[in-house]
Amino acid sequence: MPPELEQTLALLSSHRSVLGYLLLSRGDHVSIIRHSGVVFEGEQGKKYASVIGRMVESVQAGLEEVSGSENDGDQIRFMRIRTKRHEIMISPDERYLLAVLHDPAS
């Protein structure tokens, strides 16, 4: 894993409002490469991983459908989803999906 990514993950983990992160593989079958935080342990982590992978795919497909040929090759750079209790920030890249669960009240 690149040192920049290691440093980013360490920095994220140290922030008091971050409940956890998921580093996921990109591809047909999304899998957890690394995680932090109790919320992403075991089956719950697998559920989050699957849902986050589907969300990114769905938004990317919608973007392609809306933009058509005029924005050929446009890619998602960052997604932020806020609910009543949490905020999920997703940063896709060619090889990884990084998802951070954040408590906005902290």
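**A chat about salt bridges and a helix**

Q: Is Lys46 buried or exposed?

A: Lys46 is exposed, with a relative accessible area of 51%, where exposed means over 50%, buried means under 20% and partly exposed lies in between, using a 1.4 Å probe and protein chains only. This is a predicted model, in which local features need pLDDT of at least 70 and side-chain atom pairs count only at pLDDT 80 or more, while totals for chains, interfaces and linings use all residues. Residues are numbered from 1 along each chain as its sequence is written, and side-chain values use heavy atoms, leaving out hydrogens and water.

Q: OK, and which residue forms a salt bridge with Lys46?

A: That partner is Glu43, with the closest N and O atoms 3.5 Å apart; a salt bridge here is a side-chain nitrogen of Lys or Arg within 4 Å of a carboxyl oxygen of Asp or Glu. Glu43 also counts as exposed, at 55% relative accessibility.

Q: Where do Glu43 and Lys46 sit?

A: They are three residues apart in helix α2 (residues 42-67), so about one helical turn separates them. Helices (H or I, at least four residues) and strands (E, at least two) are DSSP runs, numbered from the N terminus.

Q: How many salt bridges does the structure hold?

A: There are three. One of them joins the side chains of Glu6 and Arg34, at 2.9 Å from N to O. Because Glu6 lies in helix α1 (residues 3-14) and Arg34 in strand β2 (residues 32-36), this pair ties together parts that are 28 residues apart in sequence. Glu6 is partly exposed at 33% relative accessible area, and Arg34 is partly exposed at 29%.

Q: What about Glu87, which residue does its side chain meet in a salt bridge?

A: The side chain of Glu87 meets that of Arg80, at 2.8 Å from N to O. Glu87 is buried, with a relative accessible area of 5%, whereas Arg80 counts as exposed at 55%.

Q: Back to α2: how many residues does it have, and how far does it reach?

A: Helix α2 has 26 residues and reaches 38 Å from its first C-alpha to its last, close to the expected 38 Å, a span worked out as 1.5 Å times one less than the number of residues.

Q: Which residues of α2 are buried, and what covers them?

A: The buried ones include Gly45, Tyr48, Ala49 and Ile52. Their cover, judged by contact (heavy atoms within 4.5 Å), includes β1 (18-25), β2, β3 (79-82), β4 (87-92) and β5 (96-102).
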